[in-house]
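Welcome! Please take a moment to look over the sequence and the 3D view below, and then we can walk through them together.

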Amino acid sequence: MATGREAAADLDAGDTILRDAPVTFGSEPRITASGDFRLFAGLRSDPFFADPVGANNNFQWTGKDFFADKNVFGIVLEVPNSALGPNPQVGVWARVLVPHDGRLVQGDRAGRPGIDNNFNQDDDDKRVWNQQEPSHDREGFLDKFAHVFEHAGYSKDRANTLTESLLPDLLTYDYASAEGFPNGRNLTDDVINMGIAQLSNGAVPHDGLRPHADLHTDFPFLGNPR
C-alpha cells in the first residue's frame, strides 16, 4: 500500500499488506487476510451480464446473456474505508502491466465500464488511451468523445458537458454513500444498459437481461465456478 508521494513512485514503493496469497482453482475460495484487508484470486462464475451479439448487430437484442455460463479468473480485494484516506470521495482506476524490454509497462487500463470500447474506435487512439494515465485524458480526447455524443443526437453544449463528466476516466466512489453506479459499481448494477441509454440518447431499448442469481452475500461475492 503506497500513500502520499510514494503512490506516484515506482512499482516497489509502499508497504506489503498481503504476501504469498494462494490462487483458487476449485469451488471453495481460498482467502488471504491481514487485519481488515482480504484478498481472493482465482476461478469464479463471471458476474458480468450483457448481450454483445445483439449489440454488434445494431442493437437487435437476442435475449441471451453471453456470459451466463462463463467463468472468469477474478481478483477481489476488500479494503477498509480508512485506507482510502479522510476524504470519502475517491476515484478508482485499474491497469494491466505487461513485460516489455525487461520492465513492466502499462498495456491496458479501465475506470468506468465500456469507455474504451464505446468511444475509441481508432487503433491509435486505443493504444494511446491504454498507455496513459487518466490525468492526461482531457488533453487529446475531449473533442473526440464529444463528437460521439453529438453523433447520437446531443447538442454541442450537452455533448461537451457529458464528456467532461466522463473524463478523466475514473470510477468515482463516495464511501459515505450506499448508492450504486455511478457511485462505485455493484455486481448487480446494470451498467451496460445505463451506458447504452446515455450513449444513444435513450434511443436503444433495454436488452431485458438481469443480474446473475449465483452471487454470494459474503466475501468474495462471486459465484462458484461452473
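What follows is a tour of strands, a helix and some aromatic rings.

This is a predicted model, in which local features need pLDDT of at least 70 and side-chain atom pairs count only at pLDDT 80 or more, while totals for chains, interfaces and linings use all residues. Residues are numbered from 1 along each chain as its sequence is written, and side-chain values use heavy atoms, leaving out hydrogens and water.

Let us begin with the strands. Helices (H or I, at least four residues) and strands (E, at least two) are DSSP runs, numbered from the N terminus, and two strands pair if DSSP finds at least two bridges between them. Three strands make an open sheet in the order β1-β2-β3, and their pairing is antiparallel. At its edges lie β1 (31–34) and β3 (71–78), each of which pairs on one side only. β1 joins β2 (residues 37–45) in the antiparallel sense through four bridges, and one place to look is S34, whose bridge partner in β2 is F37.

Another pairing brings together β5 (residues 94–100) and β6 (residues 103–110), which are antiparallel over seven bridges. Here A94 stands opposite A110 in β6. The hairpin of these two strands has two residues between them, and D101 takes a positive phi near 55 degrees.

Now turn to helix α3 (residues 123–131). Which of its residues are buried? They are D125, W129 and N130, where buried means under 20% relative accessible area, exposed over 50%, and partly exposed in between (1.4 Å probe, protein chains only). Seen down the axis of α3, these buried residues fall within an arc of 120 degrees, so they line one face of the helix; the arc is that of the directions from the helix axis to the C-beta atoms. Their cover includes β6, α2 (115–119) and α4 (137–151), judged by contact, meaning heavy atoms within 4.5 Å.

Finally, the aromatic rings. Rings of Phe, Tyr and Trp (its six-membered ring) pair if their centres lie within 6.5 Å; planes under 30 degrees apart count as stacked, over 60 as edge-to-face and the rest as tilted. The structure holds eleven aromatic pairs. In one of them, F59 and W61 sit edge-to-face, 5.7 Å centre to centre with 65 degrees between the planes; F59 is partly exposed, at a relative accessible area of 31%. One aromatic cluster is formed by F119, W129, F141, F145, F149 and Y154, and W129 is also among the buried residues of α3.
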